[in-house]
Amino acid sequence: MTPAARELARLQLLVATLYRHGAMRVEDLASRLSMTRGEVLAAVDRLQLVHGGDDSPAGYVDIDVDATGMVEMTPGLDQGLGRRPLPLTQGEYTALCAAVRAAAAGPLAALATEADAVLARLEQAQSPAVRDRVRRHRERVAIGADNRPADPVWRTVRACLERGEEVELEYLAASSDEVTRRTVRPIEVGGRNGFWYLVAWCGLRGAERPFRLDRVVSARPTGRRFARGPARTRDVGAPPGSRMATVRFDRDLAGWVRERHPPERVRDLADGSVEVRVPFASAVWIAGFVVSHAGRAVVVDPPDLRDEVRRRLLAAFGAPEGDGGTP
Amino acid sequence: MRSRTPPAQRLLTLVAVLLDARRPLTFADIQGLMDGEYGVPPDPDREADEAARRAFDSVRRKFERDKALLAEAGIRIRWAGSDEDEPETRGYLLDPADMRMADVRLEPAELRVLLAAASLAGGIDDFPLREDLRLALAKVQAACAGIDTGRGDDPLAAGWHFHHGHAVRGPATAEALELLGDAVVNRTRVRMTYRTGRGEVTEREVRPYGLWLRHGVWSVVAWCGLREAVRVFDVHRVVSAEAASGPGAFDVPEDFDLAAWSSREPWELDVHPPIEVRLRLDRAVAGLADAIFGTGRRTGTGPDGVVDLVVRATNLDPLIGLVLSLWGRARVLGPPEAAGRLAERVASLAAAHGGGAP
């Protein structure tokens with residue numbers, strides 16, 4: 001949408017919001033309409049100037065800000081300009097649809113029915129012409145997290161988070177490659193880099209830890225409640241490591257690698273392959289990362305990490321024919 | 001003629017004038033009511049000279065542009081009547097019913113879904129329809145009857161957040177995303193310079209069908225004029241993009257299904273004919289079967305808790321990579337082609353990591 005059309009929609013919405021709620025503080029209007037205080041005041045100025053020529057000097061929108069910072073409007077003079085909000089545009093409907101679908105596929109999996117209901121109700125509130133347009137083309141933008149925790153895990157974690165209830169997890173930790181059982185106190189569910197995490201106080205480690213939800217093998221409510229601390233925003237992802245590994249990727253992956261790593265950590269080799277320095281905290285994690293490229297990535301350094309990859313491969317899949325075992 | 005009025009204010013005045021009229025208005029009527037915004041109505045008793053005609057054409061074009069802007073915001077000005085009708089019943093008309101959203105009645109749980117969903121999408125850097133989302137939410141809130149839409153102390157709202165700040169970026173990602181977001185919504189063509197994975201730079205016109213974010217990458221699926229086929233493009237590889245000139249909105253095929261593209265796993269990319277790979281998952285990670293192999297079909301659960309799956313692969317290597325990274329918790333049962341590939345990769349990786357540095 002062009003800026004002028006968008007501003008028009010905002011002005012109209014401001015009038016519609018005042019119709020709905022009566023006089024409002026400038027700050028409240030600003031927060032409801034995602035505008036700054038200055039933008040609200042400028043919008044009020046604009047609206048005062050909406051009038052149809054010299055023969056209607058009073059203007060269509062009788063609006064003003066009083067000395068206490070309340071925006072007041074006398075309804076009824078505007079010929080219905082702002083009695084109701086404008087219908088959703090195609091872009092607005094698409095945006096809502098993408099957001100609701102993403103939430104229903106993720107943290108709100110248990111509310112998938114409500115998510116469908118929301119979209120149906122919004123569709124019904126549009127005029128028939130608009131409804132036809134949005135129905136045909138609503139699913140055009142999608143947001144997907146990389147990982148899909150199993151439905152029962154999502155449901156249990158979310159319910160326990162809301163109730164403030166301890167939950168027992170079976171968790172496959174990427175740092176140790178072990179499945180452990182622990183009781184945790186859920187603090188927050190958050191997404192980062194496309195992965196969903198549960199941040200919880202972990203009884204096993206005696207500390208706050210992030211758990212990647214697609215590695216939770218099972219989740220069971222315990223029935224034990226705890227008092228939640230005040231909400232604060234955390235960095236939900238795993239902390240970056242302090243050791244560095246050098247990994248060589250073959251030429252087919254060179255472009256892909258360059259897009260994902262800072263240039264100062266990437267070195268081009270004569271045969272078209274690239275070497276990347278990757279920070280890591282856990283040798284087990286980075287060994288898994290390297291083998292997940294199915295032979296197109298090899299650890300160059302450090303030597304103990306090379307040994308780790310080889311040792312884990314042979315332990316997991318057995319010594320291949322012709323391999324003389326550990327050197 | 002005044003020309004300094006901000007466009008939004010002029011547009012809103014035009015809307016109010018049309019709503020106020022309660023009858024169709026001719027362009028001359030609108031000129032008279034708009035305080036000089038579209039010039040003054042021509043004097044019927046005077047022959048217009050060249051300069052007057054040019055001035056009239058110019059304000060006429062301004063009016064047409066304003067009509068188009070209003071249409072973008074969802075307000076459609078119509079022309080009423082035909083040549084056979086009485087002149088006073090012909091003119092521009094704005095039907096109030098066309099510019100109003102009906103009351104939206106949401107249950108509390110539904111409203112929570114909507115607010116939480118909006119906060120999720122709002123947490124994504126460069127979400128291309130961010131402004132649309134904000135406006136949409138404010139509109140819905142203004143249309144919500146009899147319910148307080150403030151977030152309050154909703155424990156769910158307080159207990160989760162989403163930030164996708166590490167999408168892979170290229171030189172023009174933010175601009176390209178905004179343009180492509182508009183293009184998929186309005187079905188408009190885009191001309192772009194694109195760098196392929198192999199570094200080849202080409203220029204092409206595309207018709208974007210859908211846009212999605214996955215694995216930290218925004219992708220667009222589009223009909224590509226250069227290849228004359230539907231193709232997927234990574235937005236971060238777009239070098240530059242602009243709206244293409246030419247005819248109006250294109251049609252998206254009726255059977256287009258965005259989910260079929262956006263939910264494809266790496267092993268589902270079109271590289272070779274399909275192979276049905278049979279896998280067995282250990283009991284310890286059986287609960288992760290859906291999370292790891294979402295599209296896989298379960299074929300059985302053994303008494304010792306193992307889960308057997310069939311995964312259809314058209315790009316075997318990523319699936320083999322995934323099995324390798326599970327360190328033996330997943331086994332390839334067949335077919336021999338897949339089991340052989342795994343053994344071959346184990347051997348080559350073990351050899352590459354043996355002895356001294358490569």
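R60(B) is partly exposed in this predicted model, with a relative accessible area of 24%. The side chain of R60(B) meets that of E64(B) in a salt bridge, 3.1 Å from N to O. Both residues lie in helix 3 of chain B (residues 50-72). They are four residues apart there, about one turn of the helix. E64(B) also counts as partly exposed, at 33% relative accessibility. A network is found as well: salt bridges that share partners join D177(A), E308(A), R311(A), R312(A) and R329(B).

Side chains of opposite charge can pair when their charged atoms come close. Over all chains, the count comes to 51 salt bridges. One of them crosses between chains, from R6(A) in helix 1 of chain A (residues 3-21) to D132(B) in helix 5 of chain B (residues 130-143). Its closest N and O atoms are 3.5 Å apart. R6(A) and D132(B) are both buried. Another salt bridge pairs D214(A) with R212(A), with 2.9 Å between the closest N and O atoms. Here D214(A) counts as buried, at 10% relative accessibility. R212(A), at 22%, counts as partly exposed.

The interface between the two chains was examined next. In all, 128 residues of chain A are in contact with 131 residues of chain B. The two chains bury about 11,100 Å² between them. Carbon and sulfur atoms account for 62% of that area. On the chain A side, R140(A), R148(A) and F317(A) lose the most area to chain B. Together they make up 7% of what that side buries. Eight salt bridges are counted between chain A and chain B. D103(B) and R20(A) form a salt bridge too, their closest N and O atoms lying 3.0 Å apart. A charge also meets a ring: the charged end of R312(A) sits over the ring of W327(B), 5.0 Å from its centre.

Chain A has 10 helices and 13 strands. Of its 327 residues, 53% are buried. Among contacts in chain A between residues at least 6 apart in sequence, 57% join residues at least 24 apart. Chain A exposes about 14,300 Å², and carbon and sulfur atoms supply 49% of this.

Aromatic rings were then considered. A search of the whole structure finds 15 aromatic pairs over all chains. In one of these, Y209(B) and F250(B) form a tilted pair, 6.1 Å centre to centre with 45° between the planes. Y209(B) lies in strand 5 of chain B (residues 201-214), and F250(B) in the loop between strand 8 (238-243) and helix 8 (258-262), so the pair ties together parts that are 41 residues apart in sequence. Y209(B) counts as buried, at 5% relative accessibility. F250(B) is buried as well, at 3%.

The rings of W267(B) and F293(B) have centres 6.2 Å apart and planes at 50°, so this pair is tilted. The pair links distant parts of the chain, 26 residues apart. W267(B) is in the loop between helix 8 and strand 9 (275-281), while F293(B) is in the loop between helix 9 (289-292) and strand 10 (297-301). W267(B) counts as buried, at 4% relative accessibility. F293(B) is buried, with a relative accessible area of 1%.

Chain B also holds an aromatic cluster, formed by F27(B), Y38(B), F56(B), F63(B), W79(B) and Y92(B). Elsewhere, R207(B) lies over the face of W223(B), at 4.8 Å from the ring centre.

How values were computed. Residues are numbered from 1 along each chain as its sequence is written. Chains are lettered from A and ligands numbered from 1 in the order in which they are written. This is a predicted model: local features need pLDDT of at least 70, side-chain atom pairs count only at pLDDT 80 or more; totals for chains, interfaces and linings use all residues. Side-chain values use heavy atoms; hydrogens and water are left out. Rings of Phe, Tyr and Trp (its six-membered ring) pair if their centres lie within 6.5 Å; planes under 30 degrees apart count as stacked, over 60 as edge-to-face and the rest as tilted. Helices (H or I, at least four residues) and strands (E, at least two) are DSSP runs, numbered from the N terminus. Buried means under 20% relative accessible area, exposed over 50%, partly exposed in between (1.4 Å probe, protein chains only). A charge sits over a ring if NZ of Lys or CZ of Arg is within 6 Å of the ring centre and within 35 degrees of the ring normal. Contact means heavy atoms within 4.5 Å. Accessible areas come from the Shrake-Rupley method with a 1.4 Å probe; for residues, only the protein chains shown count as cover. Buried area is the accessible area (1.4 Å probe) that two parts lose on being put together, summed over both. A salt bridge is a side-chain nitrogen of Lys or Arg within 4 Å of a carboxyl oxygen of Asp or Glu.
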